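Student: I would like to go through this model and check the wording used for it. Please set each value against its rule.

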Amino acid sequence: MSSERRDGPSGRYDRPMGRWYLRRAYLFRYTLRELTAVFVLIEALILLAGLSALVAGPAAWAGFRETLSHPLMIGLHAILLLAALYNSITWFLVAPKAMPAIFIGTRPVSDRVIVVAHLIVFAILSALIVALLAGGGA
Amino acid sequence: MSARRPRRSHEPVVWLLFAAGGMVAAMLLPALILVIGLAEPAGMLPQASLDYERVARLVGSPAGKLAAFTVVSVLFWHAMHRIFHGLHDLGIETRGNRYRFISYGFALLATLVTAGMVLIL
């Protein structure tokens with residue numbers, strides 16, 4: 001009987017994990033959400049590279065922008081945008097569960113109100129970023 | 001070395017940084033990616049939008065430096081925290097400190113590099 005035990009390196013019973021993320025829809029969604037971290041990391045590295053180029057001067061900055069204009073980089077950013085949007089939506093959906101309950105008077109604020117409030121702030125901040133970065137002229 | 005002294009967990013600290021990074025990523029990242037990675041390279045923005053002088057002035061201001069440092073550094077903490085906990089989901093034994101040091105060490109290193117960049121900008 002003990003020969004059927006699959007003991008892992010820790011000596012505990014280790015449940016078989018082969019493709020566990022495909023077993024249930026919610027496990028797959030969980031995996032996708034956690035996977036967005038890899039894309040966030042890539043974008044953070046790109047932003048840091050841009051910051052370094054800015055420090056290095058106009059020539060390096062021009063090189064950075066040229067890299068961003070490469071078709072492969074534009075394709076990568078399309079994927080990064082999808083991942084970021086998925087991360088945003090899942091983040092807002094768990095926000096009511098992650099934060100302490102809010103009350104107006106004695107009535108608790110419903111989850112839906114909290115999610116919608118996050119979406120409104122998201123829309124406003126997104127518009128501000130576009131307005132701030134797009135422009136120039138003079 | 002008192003036996004009564006409880007072992008402190010680092011988890012609240014890194015969770016706070018993870019949550020801050022999650023909020024930054026959720027609120028700001030789609031718009032940043034849209035502008036920097038898609039709209040601008042595709043020529044959909046005014047010509048001078050991301051010119052060196054303009055971006056250097058924007059990011060180089062005190063508020064810009066603070067914003068750039070905060071946004072970029074917490075993104076690293078967010079990503080590395082999730083990746084560290086994701087290792088467990090991949091069946092990697094993460095007890096002990098090795099993977100913690102690698103994950104959060106990388107986030108700390110990236111934070112220091114970002115701080116350095118912002119300071120000399």
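This is a predicted model: local features need pLDDT of at least 70, side-chain atom pairs count only at pLDDT 80 or more; totals for chains, interfaces and linings use all residues.

Student: What follows α1(A) directly?
Tutor: A:Gly57 comes just after the helix, and its phi is positive, about 120 degrees.

Student: Why is the pair A:Arg65 and B:Glu40 called a salt bridge?
Tutor: The rule asks for a side-chain nitrogen of Lys or Arg within 4 Å of a carboxyl oxygen of Asp or Glu. In this pair the closest N and O atoms are 2.5 Å apart, so the pair of A:Arg65 and B:Glu40 qualifies. Between chain A and chain B the count is 3 salt bridges.

Student: How many residue pairs are in polar contact across that interface?
Tutor: The rule finds 12 between chain A and chain B, with both residues at pLDDT 80 or more. On the side of chain A that touches chain B, the elements giving two or more residues are α1 (25-56), α2 (58-69), α3 (71-98) and α4 (111-133). Of these, α1(A) gives the most, with 17 residues. By class, that side has 33 nonpolar, 13 polar and 5 charged residues.

Student: What is the extent of the interface between the chains?
Tutor: Chain A and chain B bury about 4,900 Å² between them, with 76% of it on carbon and sulfur atoms. On chain A, the three residues that supply more than any other three are A:Leu54, A:Trp91 and A:Leu133, with 14% of the area that chain A buries against chain B. The contact takes 51 residues from chain A and 55 residues from chain B.

Student: Where does the domain assignment divide chain A?
Tutor: It gives domain 1 (21-93) and domain 2 (100-138). Their C-alpha centres lie 22 Å apart. The contact between them takes 4 residues from domain 1 of chain A and 4 residues from domain 2 of chain A.

Student: Which kinds of interaction are counted between these two domains, and how much area is buried?
Tutor: The count is 0 salt bridges, and the rule finds 0 residue pairs in polar contact, with both residues at pLDDT 80 or more. The two domains of chain A bury about 390 Å² between them, 88% of it on carbon and sulfur atoms. The side of domain 1 that touches domain 2 has 3 nonpolar residues, 1 polar and no charged.

Key
Residues are numbered from 1 along each chain as its sequence is written. Chains are lettered from A and ligands numbered from 1 in the order in which they are written. Side-chain values use heavy atoms; hydrogens and water are left out. Contact means heavy atoms within 4.5 Å. Buried area is the accessible area (1.4 Å probe) that two parts lose on being put together, summed over both. A polar contact is a pair of N or O atoms within 3.5 Å; within protein, one must be able to donate a hydrogen and the other to accept it, and residues adjacent in sequence count only if both atoms are side-chain atoms. Helices (H or I, at least four residues) and strands (E, at least two) are DSSP runs, numbered from the N terminus. Ala, Val, Leu, Ile, Met, Phe, Trp, Tyr, Cys and Pro count as nonpolar, Asp, Glu, Lys and Arg as charged, and the others, Gly among them, as polar. Domain bounds come from an automatic or database domain assignment.
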